[in-house]
Amino acid sequence: FGLDDVPTQIGWIIVDNGQIVDQREVVLNWYSVESIDKQWLDNRMINVLAAFENLGLIYPVTVESMKGKGFPPADVLAAFGSVIQQCTDNRWPLVGHNIVRFDLTRLPKSFERLSLPFPRIDQNLLFDTQGADAGQQLLRRGDSKGFPMPGEPAGDYFARMCTARVENKS
């Protein structure tokens, strides 16, 4: 995926005091956006589906499901922006798997593409489960780099951990 890609599916769960107060999983129909080059989108979807198939995986969104079950991306991203803002306003953590290096590097471009403001995110409220796992792997090997540095914002720590994980794979 490149930075010009568009999200095909967004989901969230909001939990307040142990109770689920909102839960959604939504497919975005980028074919409904006039400014999107449909040929580029067709080719991108074909390539993504093939890449997943080559890995023995099934990509959860197809062209047919996008067109048939998808919602206007501007509506979905505006709602998701409100969720992010709600988390920030209430000081709730924003949790995701690889959220720091994947989602948060790609979503701002999609918001911009639709002339939507991207919400401010408090870096101290981010929790990246992939980064947490990478930190644990470093600590299990006795590497103190798996600990957060004094005063390091959570988002920076998780980005560093995801980078350490990538560096350690090579």
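Two strands are taken as paired if DSSP finds at least two bridges between them, and strands themselves are DSSP runs of E with at least two residues, helices being runs of H or I with at least four, both numbered from the N terminus. On this basis, Ile14 stands opposite Asp22 in strand S2. The model is a predicted one, in which local features need pLDDT of at least 70 and side-chain atom pairs count only at pLDDT 80 or more, whereas totals for chains, interfaces and linings use all residues. Residues are numbered from 1 along each chain as its sequence is written, and side-chain values use heavy atoms, with hydrogens and water left out.

The protein contains 6 helices and 4 strands, arranged along the sequence in the pattern β-β-α-α-α-β-α-β-α-α. Along the principal axes, its C-alpha atoms fill a box of roughly 50 × 40 × 30 Å. Of the 170 residues, 39% are buried, where buried denotes under 20% relative accessible area, exposed over 50%, and partly exposed the range in between (1.4 Å probe, protein chains only). The accessible surface amounts to about 10100 Å², and carbon and sulfur atoms account for 53% of that surface; areas were computed by the Shrake-Rupley method with a 1.4 Å probe, and for residues only the protein chains shown count as cover. Among contacts (heavy atoms within 4.5 Å) between residues at least 6 apart in sequence, 69% join residues at least 24 apart.

Strands S1 and S2 are separated by 2 residues, and Asn17 in the turn has a positive phi of about 50°. The two strands run antiparallel and are joined by 8 bridges, S2 spanning residues 19-27. Within this pairing, Ile10 has Val26 of S2 as its bridge partner. Ile13 belongs to S1, which covers residues 9-16, and is exposed, with a relative accessible area of 52%. Together with Val15 and Ile20, Ile13 forms a nonpolar surface patch with about 280 Å² of accessible area. Patches of this kind are made of residues with over 30% relative accessible area and no salt bridge, nonpolar side chains (Val, Leu, Ile, Met, Phe, Trp, Tyr) being joined within 5 Å and like charges within 9 Å.

Asp22, the residue opposite Ile14, is buried at 19% relative accessible area, while Arg24 is partly exposed at 39%.

Another salt bridge links Asp122 to Arg91, with the closest N and O atoms 2.4 Å apart. Asp122 lies in the loop between helix H4 (99-113) and strand S4 (126-128), and Arg91 in the loop between helix H3 (73-90) and strand S3 (94-96), so the pair ties together parts that are 31 residues apart in sequence. Asp122 is buried, its relative accessible area being 15%.

Arg160 and Glu152 also form a salt bridge, in which the closest N and O atoms are 2.9 Å apart. Arg160 is partly exposed, with a relative accessible area of 23%, whereas Glu152 is buried at 15%. Glu152 is located in the loop between helix H5 (129-140) and helix H6 (154-169). The Glu152 side chain also reaches the backbone nitrogen of Met149 at 2.8 Å, a polar contact being a pair of N or O atoms within 3.5 Å; within protein, one must be able to donate a hydrogen and the other to accept it, and residues adjacent in sequence count only if both atoms are side-chain atoms. When neighbours within four places in sequence are set aside, Glu152 is in contact with Tyr157 and Arg160.

Ala74 is partly exposed, with 30% relative accessibility. Its contacts, leaving aside neighbours within four places in sequence, are with Leu114 and Leu116. Ala74 and Leu116 are 42 residues apart along the chain, and their C-alpha atoms are separated by 7.6 Å.

Notes. Salt bridge = Lys/Arg side-chain N within 4 Å of Asp/Glu carboxyl O.
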